[in-house]
Amino acid sequence: MSTDSTDTVTNAFEEHRPVLLGVAYRMLGRVADAEDVVQETWLRWAGGDRSEVREPRAYLVRVATRLALDRLRQIKARGETYVGPWLPEPYVTDFGDTAPDTAEQAVLADSVSLAVLVVLESLSPLERAVFVLREAFGHPYSDIAALLDRGEPAVRQLAARARRHVEERRPRYDVDPVRRRDLTERFLAAAAGGDLEGLMKLLAPDVRLVGDSGGKSRAPLRVLESADKVGRFLVGVTRKGFFDPSVRLLEINGGPAALVLTGDRPGPVFQLDIAEGRVQTVYIIRNPDKLRSLAAAE
């Protein structure tokens, strides 16, 4: 057993906690599950034999990935049926410490976007692990192969298949944070004012609205398509008080989003995908189980 001091062991782990949480969340799409994986990784780090560990980050990422992979396989095996469209649990992001380079921040933001995570749900657990480690965090194929106990040719095949699948299915959108925030604010003002004409100017003709309630609150159980349907739905919910004056803009899943505060609790979250100056997709997360982690963001 390593004789490192408690402070040394703790500091070494805390240095890499953001990366571990980022890997686990991209693997699972669930904040609580990702935090459980990080906690279990800590227990193995603190209570295990570290005498042979030369690179703490690589070791910790390996442990966290394997734990997340096991949990993802269990979830898939249960074959749970979800009521209505599924979206990932909102994840408050800040890449300042983990990605000082602007280009690297853009890659991390894209890999954690709602659009990409929805597509990742359709990958096999191994494909998802390889995609996350390679595309989001840039791990060499040789390292991923060792981590997953697979040959490097097999890992390259998994990576190519996963990349092709994601590229074919994810929508194209503008990732510029300034443009996204500006359009989000204009969209919010039009929606809060019940301004159907103003909304129609912002919505792409083939805009989609994806509402995630899990059957536990009111939201469309099917994806709405077309500017007319989406615009009229938004004006309708405005009359029911959805766009409460108490709305906070924050960064969720790598982009600007609106958190609607309901009393002292986090309420619905909505986020937009935009392209060519128009709203392409409106995401609304209303499942109360997925909003608990946002309490600290208020």
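A cavity here is a set of grid points where a 1.4 Å probe fits but cannot get out, and a residue counts as lining it if it has an atom within 4 Å of one of those points. Keep in mind that you're looking at a predicted model.

With that in hand, search the whole structure and you turn up one cavity of 30 Å³ or more. The largest cavity has a volume of about 30 Å³. Its lining is made up of Pro-90, Leu-114, Ile-252, Asn-253, Val-269, Phe-270, Gln-271, Tyr-283, Ile-284 and Ile-285. Strand S5 (265-275) and strand S6 (278-285) each put at least two residues into that lining. Sort the lining by class and you get eight nonpolar residues, two polar ones and no charged ones.

Now for the open side of things. The largest pocket comes in at about 590 Å³, and 21 residues line it. Nearest its centre you'll find Arg-30, Glu-80, Tyr-82, Trp-86 and Lys-290. The elements that give two or more residues to this lining are helix H2 (31-47) and helix H3 (56-78), with H3 giving the most, at four residues. What classes of residue make up the lining of the largest pocket? Ten are charged, five are polar and six are nonpolar.

Last stop: helix H1, which covers residues 6-28. H1 bends by about 50° at Arg-17, and a proline, Pro-18, follows within four residues. After H1 comes Gly-29, which has a positive phi, near 70°.

Definitions and conventions
Residues numbered from 1 in each chain as written. Predicted model: local features only at pLDDT ≥ 70, side-chain atom pairs only at ≥ 80, totals over all residues. Heavy atoms only, no water. 1 Å grid on protein atoms, 1.4 Å probe; cavity = no way out; pocket = protein on both sides within 12 Å on 5 of 7 lines; lining within 4 Å. Points joined across faces, edges and corners; volume = space filled by probe spheres on them. Nonpolar A, V, L, I, M, F, W, Y, C, P; charged D, E, K, R; others polar. Bend = angle between axes of the 7 residues up to and from the residue.
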